[in-house]
Amino acid sequence: MRFLVQRVSQASVTVEDQTIGSIGKGFLVLAGISGTDTKEIADKMIRKLIGLRIFEDQNGKTNLDIKTVNGQLLIISQFTLYADCKKGNRPSFIHAGAPDMANQLYQYIIQQCRQEIEVVEEGSFGAEMKVSLLNDGPFTIWLDSDEICS
């Protein structure tokens, strides 16, 4: 499982010119799910995500987590995080999870995050989406379950 986490001042996602999710201060999370991911891996990734202390405290140090600052989440499914570009110029996505399984885990991630964070918005699994964001910092973190769970 891979999360590309961007600290944002605002972010939104649209499908067919309709805004389906929008947040203020918080994290835009692009979530990639592989064929070997499980709920246990998702739980570890969610704990790491929610525990990331990358918001500034009163001294300007990145010392606060998303709950402390009442931040919001926008989680977008992004199978292309599993692009394999080793051979040729056309990426392969063989390591991305099968759609049914990946969607179940994606929904699980959203559900679990909603138990911790008041505002959790989501993209539309499998849809062509337009994502807008105002990256705050910029601050972008790569979380990979191969590193987090080992």
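Student: With which residues is Arg7 in contact, leaving aside its neighbours within four places in sequence?

Tutor: Contact here means heavy atoms within 4.5 Å. By that criterion, Arg7 meets Gly26, Phe27, Ile54, Phe55, Glu56, Thr62, Leu134, Asn135, Asp136, Gly137 and Phe139, once neighbours within four places in sequence are set aside. Please note that this is a predicted model, in which local features need pLDDT of at least 70 and side-chain atom pairs count only at pLDDT 80 or more, while totals for chains, interfaces and linings use all residues. Residues are numbered from 1 along each chain as its sequence is written, and side-chain values use heavy atoms, with hydrogens and water left out.

Student: Where is Arg7 placed, and is Arg7 buried or exposed?

Tutor: Helices (H or I, at least four residues) and strands (E, at least two) are DSSP runs, numbered from the N terminus. Arg7 belongs to strand S1. As for accessibility, buried means under 20% relative accessible area, exposed means over 50%, and partly exposed lies in between (1.4 Å probe, protein chains only). Arg7 counts as buried because its relative accessibility is 6%.

Student: What kind of peptide bond runs from Gly137 to Pro138?

Tutor: In general, most peptide bonds are trans, and most residues other than glycine have a negative phi. The bond from Gly137 to Pro138 is cis, with omega near -5°. Pro138 is part of strand S8, residues 130-144.

Student: What is the phi of Glu16, and what is that of Asp17?

Tutor: Glu16 is not a glycine, yet has a positive phi of about 50°. Asp17, likewise not a glycine, has a positive phi of about 65°. Glu16 sits in the loop between S1 and strand S2 (18-23), and the place of Asp17 is in the loop between S1 and S2. A relative accessible area of 74% makes Glu16 exposed; for Asp17, which is also exposed, the value is 78%.

Student: What surrounds Leu73, leaving aside its neighbours within four places in sequence?

Tutor: Leu73 lies in strand S6 and counts as buried because its relative accessibility is 0%. With neighbours within four places in sequence left aside, the contacts of Leu73 are Ile23, Phe27, Val29, Leu49, Ile66, Cys113, Ile117, Val119, Val120 and Glu121.

Student: How many disulfides does a search of the whole structure find?

Tutor: A disulfide is a covalent bond between the sulfur atoms of two cysteines. The test applied is a pair of cysteine sulfur atoms within 2.5 Å. A search of the whole structure finds 0 disulfides. For Cys113, which is in none, the nearest cysteine sulfur is that of Cys149, 14 Å away. Cys113 is buried, at 0% relative accessibility, whereas Cys149 is partly exposed, at 26%.

Student: How much space lies in the largest pocket, and which residues are closest to its centre?

Tutor: On a 1 Å grid over the protein atoms alone, a pocket is an open set of points where a 1.4 Å probe fits, with protein on both sides within 12 Å along at least five of seven lines; lining residues have an atom within 4 Å of a point. Grid points are joined across faces, edges and corners, and the volume is the space filled by probe spheres set on the points. The largest pocket holds about 320 Å³ of space. Its lining comprises 17 residues, of which Ser77, Gln78, Phe79, Thr80 and Gly126 are closest to the centre. Strand S3 (26-32), S6 and helix H2 (99-114) are the elements that give two or more residues to this lining.

Student: Is Ser77 buried or exposed?

Tutor: Ser77 is buried, since its relative accessible area is 14%. Ser77 is found in strand S6, residues 72-77.
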